[in-house]
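Open the model in your viewer and keep the selection tool ready.

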Amino acid sequence: MRSLFPLYSSSSLFSNFSSSPYNSFISSLPLLFSSSHFSPFLSMAPAFEQVPVPQEGETGTETATPHNTNTGNNGGNDGQVGYKSRVTVVGSGNWGSVAAKLIASNTLKLNSFHDEVRMWVFEETLLSGEKLTDVINRTNENVKYLPGIKLGKNVIADPDIHNAVKDANMLVFVIPHQFMDGICKSLIDKVRGDAEAISLIKGMEVKMEGPCMISTLISEQLGINCSVLMGANIANEIAVEKFSEATVGYRDNREIAEQWVQLFSTPYFMVTPVQDVEGVELCGTLKNVVALAAGFVDGLDMGNNTKAAIMRIGLREMRAFSKLLFSSVRDSTFFESCGVADVITTCWCIHGKRGL
Ligand SMILES: NC(=O)c1ccc[n+]([C@@H]2O[C@H](COP(=O)([O-])OP(=O)(O)OC[C@H]3O[C@@H](n4cnc5c(N)ncnc54)[C@H](O)[C@@H]3O)[C@@H](O)[C@H]2O)c1
C-alpha cells in the first residue's frame with residue numbers, strides 16, 4: 001500500500017510554512033500510490049466532555065451564560081442579565097438551510113437566544129420567475145437547495161447581506177469556500193465588533209503564500225473570533241432527522257463553545273466540543289483528498305479491503321499533514337466525528353451526492 005502524502009522528515013519544513021508542506025501536499029497528489037513510512041501511532045489524549053443537549057420544551061434561563069471576558073470576544077452579551085443572542089446564518093445552500101433548521105429549532109426553546117434566525121440568501125430568480133428569498137419566506141422551504149423540508153417559521157431569508165449580519169452577535173458561515181474571500185471583504189466593518197463566528201465550511205483558501213484556513217480568513221478580515229463545526233454530516237440525512245454527530249472546534253473560550261453546542265444540538269444531532277480549531281478544520285478539508293483516493297479505488301474496482309486501507313492510511317496521513325501545518329493539532333481530534341467518521345461517510349457515501 002502506498003501513501004497519500006509523502007513523509008516530511010526535514011525540520012526545515014516547519015520553518016518554511018509557505019513553501020514546503022503546502023507544496024509537498026499539492027505535489028503529492030499524483031503520488032497517491034507511493035510508499036508509506038509513518039511513525040508509530042502517538043498517544044491518545046482524553047476524548048471529550050459532553051455538553052447536554054437542549055431538551056424539548058426547555059426554556060433556558062433569563063440570564064445568558066456568563067462569559068469569560070478575559071478571552072476576547074464573548075458572544076456579545078458582556079454578562080448582561082436578560083441578554084439574548086441574535087443568530088445569522090450566512091449561506092442558504094443545502095447545508096446552510098439544514099443548519100438554519102437546526103438552529104431555529106433551538107432558538108425557540110432557549111431563552112438566551114432571540115427566536116428569529118436570519119439567513120442570508122445569495123439571491124436567485126427561479127424558473128417560475130420568483131425570487132428565491134420570497135419563496136423561502138412564503139413557503140418556509142428552500143425549494144432549490146432543500147426541497148420538501150420546513151425550515152421553521154422563525155427562519156427569515158434576507159438577500160441583503162449587510163442587513164442580515166448587522167444585529168447578529170453569532171454568525172454562522174456556511175457557503176462554498178471559493179466565495180468566502182469576497183464575502184469577507186464585503187463584510188469588513190459591517191459586523192458587530194463583539195460578534196462570534198463559526199465556520200461550517202469544508203475547504204481552504206489557497207494563496208500564493210500558502211493555504212489559509214477559512215476560520216483564519218474570517219478572523220483576520222472581520223476581526224472576530226471564529227470557531228468551526230465539522231463532522232460526518234450529509235445535509236440531506238440531517239434534514240430528515242437521521243442521527244449524526246458533529247465536532248465543534250474552539251480556540252480558548254469554553255463558554256463560547258458551549259453556546260455553539262447548545263445552538264446546534266438536537267436529539268438527532270450530537271455535538272462535541274474540542275479545543276482544536278485547526279485540527280477540526282483540517283479534518284473537514286483533508287478528508288476530501290482521501291475520498292478522492294477512495295473514488296479511484298472504486299473506479300479501478302480494487303475492492304473493499306483496498307478502500308479500507310486507503311481510509312486507514314489516509315486518516316493517518318491527514319494527522320501527519322495537519323501536525324506539520326500546526327503543531328498544536330491534537331491526535332484525539334482524528335477520533336471525533338470530524339475525523340474518522342467524516343472519512344468513512346465521505347469515502348463510502350459520496351456517490352451521486354453533493355460535495356460535503
Ligand atoms: N451539503 C452537505 O451535505 C455539506 C455537509 C457538510 C459541510 N458542507 C459544506 O458546507 C458548505 C456549503 O455547502 P452547501 O451544501 O450548503 O452549498 P450548496 O452547494 O448546496 O449551495 C451553494 C450555495 O452557494 C450560493 N452561491 C452561488 N454563487 C454564489 C456567489 N457568487 N457568492 C455567494 N454564494 C453563492 C448558492 O446560492 C447556494 O446557496 C461547503 O463548504 C461544504 O463543503 C456541506
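Begin with the contact between two helices: select Glu278, Gly279, Leu282, Cys283, Leu286, Lys287, Val290, Ala293, Ala294 and Val297 in α10, then Thr306, Lys307, Ile310, Met311, Gly314, Met318, Phe321, Ser322 and Leu325 in α11, which they meet. Contact here means C-beta atoms, placed from the backbone, within 7 Å. Coloured by class, this contact has 12 nonpolar, four polar and three charged residues. Ala, Val, Leu, Ile, Met, Phe, Trp, Tyr, Cys and Pro count as nonpolar, Asp, Glu, Lys and Arg as charged, and the others, Gly among them, as polar.

This is a predicted model, in which local features need pLDDT of at least 70 and side-chain atom pairs count only at pLDDT 80 or more, while totals for chains, interfaces and linings use all residues. Residues are numbered from 1 along each chain as its sequence is written.

Now view the pair along its axes: α10 and α11 pack at about 145°, with the axes 9 Å apart. Axes are lines fitted to C-alpha atoms, for helices over the stretch in contact, and angles run from 0 to 180 degrees between N-to-C directions.

After α10 comes aspartate 301, with a positive phi near 55°.

Lys307, Met311, Gly314 and Leu315 of α11 meet Gly339, Val340, Val343, Ile344 and Cys347 of α12.

Finally, select the ligand: 24 residues surround it, the closest being Gly93, Asn94, Trp95, Phe122 and Ala235 (C-beta atom, placed from the backbone, within 6 Å). Helix α3, residues 94-107, gives the most to this shell, with three residues.

Conventions
Helices (H or I, at least four residues) and strands (E, at least two) are DSSP runs, numbered from the N terminus.
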